[in-house]
Amino acid sequence: MTSPVRLALLGCGTVGSEVVRLLHAQSADLAARIGAPLELAGIAVRRLGRDRGALPVDEALFTTDALGLIKRDDVDVVIEVVGGIEPARGWLVEALRAGKSVVTANKALLAEDGAALHDAAAEGRADLYYEASVAGAIPLLRPLRDSLHGDRVNRVTGIVNGTTNFILSAMDATGAGFAEALEEATALGYAEADPTADVEGFDAAAKAAILASLAFHTRITAADVHREGITEVTAADVASAKAMGCTIKLLCIAARGRDTAEAETVSVRVHPAMIPLTHPLASVGDAFNAVFVEAEAAGQLMFYGRGAGGAPTASAVLGDVVAVARNRLAGVRAASESAYADLAVRPMGEALTRYHISLDVADRPGVLASVAGVFARHEVSIATVRQGSTGGGRPGSGDDAELVIVTHVAPDAALAATVGELRGLDIVGSVTSVLRVEGEA
Ligand SMILES: NC(=O)c1ccc[n+]([C@@H]2O[C@H](COP(=O)([O-])OP(=O)(O)OC[C@H]3O[C@@H](n4cnc5c(N)ncnc54)[C@H](OP(=O)(O)O)[C@@H]3O)[C@@H](O)[C@H]2O)c1
């Protein structure tokens with residue numbers, strides 16, 4: 001058999017240790033699929049003495065000198081499952097420039113400075129694969145990067161963060177508030193001790209940037225993504241959504257559009273939104289991920305599965321390792337980054353959305369007309385209005401009443417200005433909930 005393809009594994013935590021196990025458990029099959037055995041040349045970690053359970057690997061392979069390992073002549077492929085921006089960026093740039101193939105799960109780095117990695121890959125004529133960086137085990141990036149390259153993707157809508165999906169699903173199922181559902185997620189190991197990256201939408205925004213870059217052939221970074229988390233979603237919002245036949249999900253949405261001069265643009269956003277129960281993403285519960293792709297010729301495609309966890313993520317890593325190892329043996333490299341379209345990113349204010357707004361208003365004649373006047377002034381068209389008394393009195397009695405208004409599609413800035421003006425009206429006691437609505441009801 002051909003001489004082995006030698007791997008440097010950077011990181012041996014949740015994902016890295018599963019990569020080691022899979023490499024060992026499937027070594028014969030992997031060798032047969034590639035045409036050469038895979039062999040670990042070394043494993044870089046931060047702490048040599050850490051208990052890693054019973055890993056099927058020689059202790060002598062561990063080192064704290066990641067850069068030294070990368071630079072070794074007998075390393076062909078670098079697998080990075082450490083995370084973070086530095087030192088990972090420096091390591092991967094070094095590896096790629098030296099012509100070593102890189103497989104990484106590092107969404108934060110790809111979303112912040114994917115350009116540095118792609119440029120280094122072009123310079124070193126090396127492969128850069130990162131399937132595991134978005135939606136864990138779900139084959140998603142290679143379909144966007146390869147299978148759909150004959151088509152035109154118009155929109156990508158996804159649930160790409162398992163922690164927040166678990167929390168919102170629990171709120172929906174039990175009527176719990178955010179804090180209570182977060183506590184349950186933490187107890188069950190779905191949320192980290194510091195859940196900020198998940199609940200504030202940073203993790204989903206990084207994935208949105210990676211998905212949008214591939215879907216629209218444009219370099220998009222996390223800074224281009226409008227981001228809102230789920231910490232403000234209340235039990236009342238969830239109840240309101242239910243009353244409308246909807247559920248609330250943290251969505252990443254990347255879509256083509258046009259600016260005022262009719263030039264093509266792209267908008268990328270992450271925020272909680274109400275979606276009708278009939279929407280394909282509504283039934284994605286628990287910590288699962290799913291991504292809904294709409295393409296010109298292919299139509300609607302749905303990708304669903306486990307978006308995180310050691311073994312599911314290691315599955316995606318190993319798939320990439322097989323691909324880059326085969327390329328090395330064949331003396332070829334995969335197609336390089338496709339960023340030719342270079343579309344401008346549309347600001348959130350110009351994104352077209354719908355709003356669901358709940359207001360406590362004084363229950364007296366003329367209030368509805370005043371409220372409707374605010375929407376009209378901002379050229380936001382109202383789709384439906386529902387009114388209920390919250391004070392238990394007769395309509396027109398002067399008690400508070402609840403108004404629930406759903407708008408037609410309008411620029412986000414016009415909707416935000418409408419809500420701002422409503423908050424200042426003396427007939428409006430409070431604006432109790434503002435949520436965007438996605439998908440056809
Ligand atoms: N966990 C998931 O479900 C998941 C899913 C998709 C993508 N990812 C991505 O996969 C990557 C790894 O995640 P993880 O959950 O496996 O992280 P983790 O459990 O925290 O493991 C990180 C590993 O990196 C090592 N490390 C940290 N700093 C280092 C340094 N300066 N030099 C050498 N080694 C260093 C650590 O060494 P010690 O063991 O000695 O501390 C540890 O082995 C991240 O980019 C993450 O975003 C994770």
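Is F288 buried or exposed? F288 counts as buried, at 17% relative accessibility. The model described here is predicted. Its largest nonpolar core holds 80 residues, and 22 residues surround the ligand.

**Aromatic pairs**
- The structure has two aromatic pairs.
- F288 and Y304 are stacked, because their ring centres are 5.2 Å apart and their planes stand at 5 degrees, where under 30 degrees counts as stacked.
- F288 belongs to strand β11 (residues 288-295) and Y304 to strand β12 (residues 299-306), so the pair ties together parts that are 16 residues apart in sequence.
- F288 is buried, whereas Y304 is partly exposed, its relative accessible area being 47%.

**Charges over rings**
- The charged end of R227 is placed over the ring of F202, at 3.8 Å from the ring centre.
- R145 lies over the face of Y129, and here the distance to the ring centre is 4.5 Å.

- In soluble globular proteins, nonpolar side chains tend to be buried together.
- Within the largest nonpolar core, of 80 residues, the members that touch the most others are V78, V153, I167 and L211.
- Helix α10 (residues 202-216) contributes eleven residues to this core, the most of any element.
- Another core, of 35 residues, lies apart from it; V77, A316, V317 and V322 are among its members.
- Leaving out residues up to four places away in sequence, V153 touches L144, L148, A215, F216, R256, V293, E294 and A295.

**Ligand surroundings**
- Of the 22 residues that surround the ligand, the closest are C12, R47, R50, R52 and G309.
- R52 has a polar side-chain atom 2.7 Å from an oxygen atom of the ligand.
- For C12, a backbone N or O atom lies 2.8 Å from a ligand oxygen atom.
- For R46, a backbone N or O atom lies 3.1 Å from an oxygen atom of the ligand.

**Residue N161**
- N161 is found in the loop between β7 (153-159) and α7 (162-174).
- N161 is buried because its relative accessible area is 4%, and under 20% counts as buried.
- Beyond its neighbours within four places in sequence, N161 contacts D198, D203, A204, K207 and N289.
- With D203, N161 makes a polar contact between side chains, at 2.9 Å.
- A polar side-chain atom of N161 also lies 3.3 Å from the backbone nitrogen of T163.
- N161 and T234 are 73 residues apart along the chain, and their C-alpha atoms are separated by 19 Å.

Methods:
Residues numbered from 1 in each chain as written. Predicted model: local features only at pLDDT ≥ 70, side-chain atom pairs only at ≥ 80, totals over all residues. Heavy atoms only, no water. Phe/Tyr/Trp six-rings, centres within 6.5 Å; stacked < 30°, edge-to-face > 60°. Helix = DSSP H or I, 4+ residues; strand = E, 2+ residues; numbered from the N terminus. Buried < 20%, exposed > 50% of the residue type's maximum accessible area, 1.4 Å probe, protein only. Lys NZ or Arg CZ within 6 Å of the ring centre and 35° of its normal. Core = buried A, V, L, I, M, F, W, Y, C linked by side-chain atoms within 4.5 Å. Contact = heavy atoms within 4.5 Å. Near = heavy atom within 4 Å. Polar contact = N/O pair within 3.5 Å; in protein donor to acceptor, adjacent residues only side chain to side chain.
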